[in-house]
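Please find below my comments on the model. They take the form of numbered points, to be read alongside the sequence and coordinates.

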Amino acid sequence: MIQCEGLVKIYKADDLEVVALQGLNLTVKQGEMMAIIGNSGSGKSTLLNILGGLDRPSAGQVKVGPWDLLKVDDKDLVKYKRDTVGFIWQNNARNLLPFLTALENVEMPMTFAGKMDRPYAKQLLEWVGLKERMHNKLTQLSGGEQQRVAIAISLANRPQLLLADEPTGSVDSRTSDIIMDIFRKFNKELGLTIVIVTHDLSLAGKVDRVVAIRDGLTSTEFLKRNPNLDSAEAGTIGGSPLDEVHEAFVVVDRVGRLQIPKEYLKALEIGDKASMEFDGDTITIRAPKSLEGEESA
């Protein structure tokens, strides 16, 4: 569904250039539900904006289904955003029109696309648990209910891909669980591909795969050991849901580069150079001999 290879995004302002993505590689399968995590400034929101057609890549490859987002023209980009991808923002004000009812909000993108379907709009609100609230205006709904309206809006034009930027960032833990259950329902029953950007590791146990981004590159990947293990059965070790539910891998890109966790490098006192040995089965990374002592990784 998604294929990014050597993806680069550079923002320019006057004489200043900021490289937000530095050759990122990412593949997402059709029907997958996955999360992208990273600290502020890591590039995760930039990636989501590019996948959503809200920002243009500077170089590399980025394809979503049949769409090549590096080469698509403005007219086709509008069609892509309208028909292929749904987007959910953390800030409800970017999703919703407060003077309309929940139902009218869901119908709005249908109107713009010329595909009005009131029965389907009502069905979406029923699916997100708002059957009895669809005729309420947004001022009469709680923050969590408004976010569920936003989910229904994002699916109004039957997209193949759903992108969510911190969808649980402004709600309490109970509402967060409800929202993630809704995502899982749409993922399983509709085959919807879902990509969630978050800094909340507690969501990791509720998706199939987690990709960590650091400094504009994919650095680590976590795969669920048992895809049938739901979040209720997932325990925590050391306070992190990742420990119990996911298996961690360091990501190796197509030219053989990998990002070693900074804490490992610090423990071995490795700076800008390292010694590497291969014995046929194992790759050993050490500090340069002048620095290493007996420590190795």
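1. Helix α1 (residues 44-51) lies across β1, β2 and β4 and runs at about 110 degrees to β1. Contact means heavy atoms within 4.5 Å; axes are lines fitted to C-alpha atoms, for helices over the stretch in contact, with angles from 0 to 180 degrees between N-to-C directions. Helices (H or I, at least four residues) and strands (E, at least two) are DSSP runs numbered from the N terminus.

2. This is a predicted model, in which local features need pLDDT of at least 70 and side-chain atom pairs count only at pLDDT 80 or more, while totals for chains, interfaces and linings use all residues. Residues are numbered from 1 along each chain as its sequence is written, and side-chain values use heavy atoms, leaving out hydrogens and water.

3. Four strands form an open sheet in the order β2-β1-β4-β5, with antiparallel pairing (two strands pair if DSSP finds at least two bridges between them). Because β2 (16-28) and β5 (67-68) stand at the edges with a single partner strand each, one side of each is left without a neighbour in the sheet.

4. Five bridges join β1 to strand β4 (residues 59-64) in the antiparallel sense. Glu5 stands opposite Gln61 in β4.

5. Tyr11 lies in strand β1 (residues 2-13). Tyr11 counts as partly exposed because its relative accessibility is 31% (buried means under 20% relative accessible area, exposed over 50%, partly exposed in between; 1.4 Å probe, protein chains only).

6. Phe99 is placed in the loop between β6 (85-88) and α3 (102-113). Phe99 is exposed, at 56% relative accessible area. Phe99 and Lys137 are 38 residues apart in sequence, with a C-alpha to C-alpha distance of 6.6 Å.
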